[in-house]
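Please look over the sequence and the model shown here before reading on.

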Amino acid sequence: MLSAVRSAIPVPVRRLMGFDLRGMVSIALWIARRRHGVPTGAVAVSYARAQTPVTALFLFFMVVELFALEVVLRALHAPVVLRTVILLVDAYTVVAVLAMLAAAITRPHVVTPEEVRVRYGAFFDLRVPRDRIADVRRVGNHNERGMVTVVDDRLAVAVSSQTNLVLDLTEPVTVVRPLGRQARVRTVRFFADDPAAAHAALRPATEPAQGRQCRQGRR
């Protein structure tokens, strides 16, 4: 029965429902001062710092608007049903934005000896095996278009239109975009609040391979 119901719901709708669920979990994690998917010994690479102030300010004005609109509707003697519907819609929007902020903070990129996990809040999660990383580069792109984009075989996971780290892969990995579409990519660009520290955490696994290439070049 559950599989029949699941198959009847389009993939984009199921993924949107999943975003909401993970967003609510992220709020709980934020309140508890915990992070999702960061095992012991892993390096958490934050990316929320660049957008948190703007999102928090936007959230503040949304809350002010919610209460101001309620006052105006009461002054106009609007029906209780109408006021309730508008209040619920506005409250849900506030919670959704709060969930986006919490997800970005509690779901950082993660570097372990086995893999690099590139994420964007509750919307995107890519695991790249460390043995597929040929090189790690620092860049300074400020004109990225969109949050998660794929052009040819190049993936960009941008924050405030910025990426500052690039993973060049030895072979493609499969990417599942936010609404379910898949692609194969050989290059991954993403953003880190501290690209120098992230670059240092990523380098050790790639150094041996580069050392072998240098030795082969000297022969």
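## Confidence in the model

The term pLDDT stands for the predictor's confidence in each residue, on a scale from 0 to 100. This is a predicted model, and its protein chain averages a pLDDT of 89, with 89% of the residues scoring at least 70.

Over residues 208–219, however, pLDDT stays under 50, and for this stretch the model has three contacts beyond four places in sequence. Where pLDDT is low, the predicted coordinates should not be read in detail.

## Helices α3 and α4

Helix α3 has 24 residues and reaches 35 Å from its first C-alpha to its last, which is close to the 34 Å expected at 1.5 Å a residue. Its buried residues are Thr55, Leu59, Met62, Leu66, Glu70 and Leu73, and what covers them includes α4. Just after α3, histidine 77 takes a positive phi of about 60°.

Helix α4 covers residues 80–106, and because its 27 residues should span 39 Å at 1.5 Å a residue, the 38 Å between its end C-alpha atoms agrees with that expectation. The buried residues of α4, among them Arg83, Val94, Val97 and Leu101, pack against α2 (11–31) and α3 (52–75).

## The cavity

The model has one cavity of 30 Å³ or more, and about 40 Å³ of space lies in the largest cavity. The lining of this cavity consists of Leu66, Leu69, Glu70, Leu73, Arg83, Ile86, Leu87 and Asp90, with α3 and α4 each supplying at least two residues. By type, the lining residues divide into five nonpolar, no polar and three charged.

Key. Residues are numbered from 1 along each chain as its sequence is written. This is a predicted model: local features need pLDDT of at least 70, side-chain atom pairs count only at pLDDT 80 or more; totals for chains, interfaces and linings use all residues. Side-chain values use heavy atoms; hydrogens and water are left out. Helices (H or I, at least four residues) and strands (E, at least two) are DSSP runs, numbered from the N terminus. The expected span of a helix is 1.5 Å times one less than its number of residues. Buried means under 20% relative accessible area, exposed over 50%, partly exposed in between (1.4 Å probe, protein chains only). Contact means heavy atoms within 4.5 Å. On a 1 Å grid over the protein atoms alone, a cavity is a set of points where a 1.4 Å probe fits but cannot get out, and a pocket is an open set with protein on both sides within 12 Å along at least five of seven lines; lining residues have an atom within 4 Å of a point. Grid points are joined across faces, edges and corners, and a volume is the space filled by probe spheres set on the points. Ala, Val, Leu, Ile, Met, Phe, Trp, Tyr, Cys and Pro count as nonpolar, Asp, Glu, Lys and Arg as charged, and the others, Gly among them, as polar.
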